[in-house]
Amino acid sequence: MRLGFLLIAAGLLSLLGLGCCWLRPALQERGGGGSANCTVLAVRQLGERFACTFSCGAACRGTARYPCLQVLVRTSRSSAPALLHEDERQLRTNPKCSYIPPCARDDQENSENVTYKQKYWKEKVGSQPFTCYFNQHLRPDDVMLKRTHDETVLLHCFLWPLVTFLVGVLIVVLTICAKSLAVRAEAIKKKKHL
């Protein structure tokens, strides 16, 4: 019985916790957004270089620099150009650039990674349409290649606390039924012995 109440409480608390801390911000991000078809308008490297932190072991850390790559796209929802980003995390990390390379110790290696991405967007993608995501309310001039908070994450945030809650309710109900049946069986035994 205690286990059932514990599971009910855990399910409710986790549902409230995930709802406030994870689900609400995810839904707010999706609120004014949607998907669109994007086509590349321009791919360029800015003259500006940004710092990144690399790690080469437990006690080895340092900073390197990488060039800023911008991929400008046109969406099927708007004729205005928009800056493409990998996802929401990359957008928050560096809103000026479309790509942040994995930070290497050597600045030249970082530049080569950015140049490779630049060629990829110019030559391989070119003018082919692809799906991108936007949020008109939060960032109208930016689009994302993929979402951090997709439907499966939102489903799991709701599903598992609900399952925990329902298992707790089931345990409590089955315990109450078992006690009730035990009391009835005892009463029937007493009637038979009289």
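This is a predicted model: local features need pLDDT of at least 70, side-chain atom pairs count only at pLDDT 80 or more; totals for chains, interfaces and linings use all residues.
Me: How far apart are the sulfur atoms of Cys 68 and Cys 97?
Reply: A disulfide is a covalent bond between the sulfur atoms of two cysteines. Here the cut-off for counting a pair is 2.5 Å. Cys 68 and Cys 97 form a disulfide, with a sulfur separation of 2.0 Å.

Me: Which hand does the link of Cys 68 and Cys 97 have?
Reply: Cys 97 is in the loop between α2 and α3, so its bond with Cys 68 ties together parts 29 residues apart in sequence. The angle about the S-S bond is -130°. That link is left-handed.

Me: How many residues apart are the cysteines Cys 38 and Cys 132?
Reply: Cys 38 and Cys 132 are joined by a disulfide, S to S 1.7 Å. The pair links distant parts of the chain, with Cys 38 in strand β1 (residues 33-55) and Cys 132 in strand β4. Both Cys 38 and Cys 132 are buried.

Me: What is the angle about the S-S bond for Cys 38 and Cys 132?
Reply: The structure holds three disulfides, and this is one of them. The link of Cys 38 and Cys 132 is right-handed. Its angle about the S-S bond is 55°.

Me: Why is Cys 103 called partly exposed?
Reply: Cys 103 bonds to Cys 52, S to S 2.0 Å, in a link that is right-handed with 70° about the S-S bond. Cys 52 is in strand β1 and Cys 103 in the loop between α2 (88-93) and α3 (107-125), so parts 51 residues apart in sequence are tied together. Cys 52 counts as buried because its relative accessibility is 10%. Cys 103 lies between the 20% and 50% cut-offs, because its relative accessible area is 23%.

Me: In which sense do β3 and β5 pair?
Reply: Strand β5 (residues 139-144) has three bridges with strand β3 (residues 78-85). One of the residues involved is Leu 83, whose bridge partner in β5 is Asp 142. The sense of the β3 and β5 pairing is parallel.

Me: Which residue in β5 is the bridge partner of Phe 134?
Reply: Strand β4 (residues 130-135) and β5 are joined by three bridges and run antiparallel. In β5, the bridge partner of Phe 134 is Val 143.

Me: What is the distance between the C-alpha atoms of Ser 14 and Phe 165?
Reply: Ser 14 belongs to helix α1, residues 2-31, and is partly exposed at 27% relative accessible area. Ser 14 and Phe 165 are 151 residues apart along the chain. Their C-alpha atoms are separated by 9.5 Å.

Me: How much accessible area does the nonpolar patch with Leu 155 have?
Reply: Leu 155 is placed in helix α4, residues 151-193, and is partly exposed with a relative accessible area of 48%. Leu 155, Leu 159, Trp 160, Val 163 and Val 167 form the patch on the surface. Together they have an accessible area of about 420 Å².

How values were computed. Residues are numbered from 1 along each chain as its sequence is written. Side-chain values use heavy atoms; hydrogens and water are left out. Two strands pair if DSSP finds at least two bridges between them. Helices (H or I, at least four residues) and strands (E, at least two) are DSSP runs, numbered from the N terminus. Buried means under 20% relative accessible area, exposed over 50%, partly exposed in between (1.4 Å probe, protein chains only). Patches are made of residues with over 30% relative accessible area and no salt bridge: like charges are joined within 9 Å, nonpolar side chains (Val, Leu, Ile, Met, Phe, Trp, Tyr) within 5 Å. Accessible areas come from the Shrake-Rupley method with a 1.4 Å probe; for residues, only the protein chains shown count as cover. A salt bridge is a side-chain nitrogen of Lys or Arg within 4 Å of a carboxyl oxygen of Asp or Glu.
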